[in-house]
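Biologist: Could we go through this model together? I would like to begin with its charged residues.

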Amino acid sequence: MTAVEPIRDKSLIDMVKRILKRQGSRNHLLFVMGINIGLRISDTLKLKVKDVRNKDYIELYEQKTKKFKRFPIVDAYKPDLEDFIIGKDDEEWHL
């Protein structure tokens, strides 16, 4: 297995965000959440609407490490997250 390196160049991050925003709000939201909280995509995809609705933190047990984690829902993605879950049922899988 090869190592995966994070994107460190701010202009490259902004470019990826613009591309994903054009593809749809879900992909953009997943990316922005990922770069802000550092969760594995496997953990992010398991979130239900009820895990984030009216909350200031995301709380979960990481799939790989089985450790409890608590991440703040920050301003960098909070408005996008709130817009995305409007009208969705609490039990719906990932945002």
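This is a predicted model: local features need pLDDT of at least 70, side-chain atom pairs count only at pLDDT 80 or more; totals for chains, interfaces and linings use all residues.

Biologist: How many salt bridges does the structure hold?

Modeller: There are 9 salt bridges, each being a side-chain nitrogen of Lys or Arg within 4 Å of a carboxyl oxygen of Asp or Glu.

Biologist: Which residue does Asp80 meet in a salt bridge?

Modeller: Its partner is Lys21, at 3.7 Å from N to O. Asp80 belongs to helix α4 and Lys21 to helix α1, 59 residues apart; helices here are DSSP runs (H or I, at least four residues) and strands likewise (E, at least two), numbered from the N terminus.

Biologist: And where is Pro72?

Modeller: Pro72 is in strand β2, residues 68–72.

Biologist: Why does Pro72 count as partly exposed?

Modeller: Pro72 counts as partly exposed because its relative accessibility is 38%; buried means under 20% relative accessible area, exposed over 50%, and partly exposed in between (1.4 Å probe, protein chains only).

Biologist: What does Pro72 touch, leaving out residues up to four places away in sequence?

Modeller: Pro72 touches Ile37, Asp56, Tyr57 and Tyr77, where contact means heavy atoms within 4.5 Å. Among these, Asp56 also forms a salt bridge with Lys78, at 3.4 Å from N to O.

How values were computed: Residues are numbered from 1 along each chain as its sequence is written. Side-chain values use heavy atoms; hydrogens and water are left out.
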